[in-house]
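Trainee: Can we go through the ligand site on this one? I have the viewer open.

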Amino acid sequence: MFIMETERLTLRQMTEDDEDNLMQIFSDRVAMQYYTSTKTREQAKNWIQWNARNYEEHGVGLWICEWKDTGEFVGQCGIVPQLVDEQPEMEIGYLFVRAYWGRGLATEAALAAKQHGFTAMGRNRLISMIYKPNLPSIQVAKRIGMSLEKETRINNRETFIFSVHAKND
Ligand SMILES: CC(C)(COP(=O)(O)OP(=O)(O)OC[C@H]1O[C@@H](n2cnc3c(N)ncnc32)[C@H](O)[C@@H]1OP(=O)(O)O)[C@@H](O)C(=O)NCCC(=O)NCCS
């Protein structure tokens, strides 16, 4: 299902047919260096099911990002429910294929997700949970207007919580 488009990208819902697309990111040790490990095909299937549940229950999830012109898969970006220090939050998440880094695509998609969160979803606040050494991710958060709110431990790892509020946007 089509969700929205940006200057260069189309965002649509993830389906079971996206397993190969996702594996371009999940099997890449460099792309997954700030996660606990790379992901298997089984984990990619679970990821797709997790997103399907989020679409159903929350109306949002990670969406597939494709080049508008060619339909080529470049990454995933969207809004996912999370628990931070036992508080429910909505997180902007982004993971892109390494060949497409350094072109501003993650920032472009994340800005669109932020607008969606504030307008279509009517949220006042969105966060990003970022493992401290993940500087490229921190840069994306800052470029979409987020600022560092606090540090916490998530899955036993030192994690930055970045946030942005609609009223400050
Ligand atoms: C996090 C991640 C998406 C960031 O990717 P990225 O390519 O650095 O981010 P962007 O797409 O916003 O691109 C920004 C870069 O493109 C450059 N750029 C080139 N053309 C641009 C344009 N038209 N507009 C904006 N920036 C542009 C920017 O200068 C910037 O370069 P710099 O990093 O040298 O300063 C990527 O590292 C990734 O997928 N990592 C693996 C998954 C992950 O860790 N996700 C985050 C979990 S918290």
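Mentor: Start with asparagine 134: an N or O atom in its side chain is 2.9 Å from an oxygen atom of the ligand. That is a polar contact, meaning a pair of N or O atoms within 3.5 Å. This is a predicted model, where local features need pLDDT of at least 70 and side-chain atom pairs count only at pLDDT 80 or more, while totals for chains, interfaces and linings use all residues. Residues are numbered from 1 along each chain as its sequence is written, and side-chain values use heavy atoms, with hydrogens and water left out.

Trainee: What does arginine 143 do with its side chain?

Mentor: A side-chain N or O atom of arginine 143 lies 3.2 Å from an oxygen atom of the ligand. Glycine 102 uses a backbone N or O atom instead, 2.6 Å from a ligand oxygen.

Trainee: How much of the ligand's accessible area does the protein cover?

Mentor: 66% of the 950 Å² that the ligand has on its own (Shrake-Rupley, 1.4 Å probe).

Trainee: Which residues come nearest to the ligand?

Mentor: Tyr94, Phe96, Gly102, Ala106 and Thr107, out of 19 around it (a heavy atom within 4 Å). Helix 4 gives the most to that shell, four residues; helices here are DSSP runs of H or I with at least four residues, strands are E runs of at least two, and both are numbered from the N terminus.

Trainee: New topic. Where does the ligand sit?

Mentor: In the largest pocket, which means more than half of its atoms lie within 2 Å of the pocket's grid points. A pocket is an open set of points on a 1 Å grid over the protein atoms alone, where a 1.4 Å probe fits, with protein on both sides within 12 Å along at least five of seven lines; lining residues have an atom within 4 Å of a point.

Trainee: Which strand supplies the largest share of the lining?

Mentor: Strand 5, with six residues.

Conventions:
A polar contact is a pair of N or O atoms within 3.5 Å; within protein, one must be able to donate a hydrogen and the other to accept it, and residues adjacent in sequence count only if both atoms are side-chain atoms.
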